[in-house]
Amino acid sequence: MSRTWWIVVILVAVGVGLAVLVGVLGTRNEPTKSEAISSLCGSLTALGGSVTTLTSIDTSTATMADFQADVAAVQDDWSTVKSDAQDVQNAQMGGLDSAWDSFESAVESIPSDSTVQDASDSVKQAAGELQSAVQSTASSMSCSSPSSA
């Protein structure tokens with residue numbers, strides 16, 4: 001073999017070695033598939049629980065601050081679900097995303113001078129749809145009991 005041929009072979013081998021090294025180093029902090037699914041199942045459980053808390057608020061004793069805190073908990077849990085879903089390849093999030101958009105729209109349409117009863121009534125249907133979507137998504141991923149938080 002000629003000298004040029006050997007140089008090409010060596011450069012290709014070094015390139016392949018570097019590609020493998022970059023691939024290994026680039027994925028070493030990524031969760032495994034089962035860890036990612038487990039995390040998403042956990043965040044779906046938390047979201048289901050916070051939606052249940054919001055929809056079961058005692059409107060006769062709760063304040064608007066209580067209601068808003070429950071809404072904030074749902075929003076925080078949603079952020080975690082979205083983050084965890086990014087690590088799960090092919091996670092079926094379409095129905096959940098749509099239910100979330102409806103819930104957010106319902107929350108945003110609550111007048112600032114609403115009572116807890118009125119605010120709760122305004123989001124109850126959208127929250128119920130969100131709860132159903134959480135359960136459906138969890139079921140499609142074979143999670144156990146997403147709303148029992």
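Student: What does "buried" stand for when residues of the protein are counted?

Tutor: Buried means under 20% relative accessible area; exposed means over 50%, and partly exposed lies in between. This is a predicted model. Of its 149 residues, 33% count as buried.

Student: Which secondary structure elements does the protein have?

Tutor: Five helices and zero strands. Read from the N terminus, the order is α-α-α-α-α.

Student: Among contacts between residues at least 6 apart in sequence, what percentage joins residues at least 24 apart?

Tutor: The figure is 73%.

Student: How are two packed helices described?

Tutor: By the angle between their axes and the distance between the axes. Take helix H4, residues 94–108, and helix H5, residues 116–140. Their axes come within 8 Å and cross at roughly 165 degrees. Angles over 145 degrees count as roughly antiparallel, so H4 and H5 are roughly antiparallel to each other. H4 passes H5 in a left-handed crossing.

Student: Which residues make the contact of H4 with H5?

Tutor: From H4, the contact takes Gly-95, Leu-96, Ala-99, Trp-100, Ser-102, Phe-103, Ala-106 and Val-107. From H5 come Ser-122, Val-123, Ala-126, Ala-127, Glu-129, Leu-130, Ala-133, Val-134 and Thr-137. By class, the H4 contact with H5 holds 12 nonpolar, four polar and one charged residues.

Student: Are H3 and H5 roughly parallel or roughly antiparallel?

Tutor: Start with the angle. Helix H3, residues 64–85, packs with H5 at about 20 degrees, and their axes are 11 Å apart. Angles under 35 degrees count as roughly parallel, so H3 and H5 are roughly parallel to each other. The crossing of H3 and H5 is left-handed.

Student: Which residues of H3 and H5 meet?

Tutor: Met-64, Phe-67 and Val-74 of H3 meet Val-116, Ala-119, Ser-120, Val-123 and Leu-130 of H5. The residues of this H3 contact with H5 divide into seven nonpolar, one polar and no charged. Val-123 and Leu-130 are also listed in the contact of H5 with H4.

Student: Now single residues. Where is Ser-50, and is Ser-50 buried or exposed?

Tutor: Ser-50 is found in helix H2, residues 33–55. Its relative accessibility is 8%, so Ser-50 counts as buried. Leaving aside neighbours within four places in sequence, Ser-50 is in contact with Ala-73, Val-74 and Asp-77. Val-74 also belongs to the H3 contact with H5.

Student: Where does Asp-97 sit, and what is its relative accessible area?

Tutor: Asp-97 has its place in helix H4. Its relative accessible area is 25%, so Asp-97 is partly exposed. Beyond neighbours within four places in sequence, Asp-97 is in contact with Trp-78 and Lys-82.

Student: How far apart are Asp-97 and Val-134, in sequence and in space?

Tutor: They are 37 residues apart in sequence and 9.8 Å apart in space, C-alpha to C-alpha.

Key
Residues are numbered from 1 along each chain as its sequence is written. This is a predicted model: local features need pLDDT of at least 70, side-chain atom pairs count only at pLDDT 80 or more; totals for chains, interfaces and linings use all residues. Side-chain values use heavy atoms; hydrogens and water are left out. Axes are lines fitted to C-alpha atoms, for helices over the stretch in contact, and angles run from 0 to 180 degrees between N-to-C directions. Helices (H or I, at least four residues) and strands (E, at least two) are DSSP runs, numbered from the N terminus. Angles under 35 degrees count as roughly parallel, over 145 as roughly antiparallel, 65 to 115 as roughly perpendicular and the rest as oblique. A crossing is left-handed if the near helix is turned anticlockwise from the far one by less than a right angle, and right-handed if clockwise. Contact means heavy atoms within 4.5 Å. Ala, Val, Leu, Ile, Met, Phe, Trp, Tyr, Cys and Pro count as nonpolar, Asp, Glu, Lys and Arg as charged, and the others, Gly among them, as polar. Buried means under 20% relative accessible area, exposed over 50%, partly exposed in between (1.4 Å probe, protein chains only).
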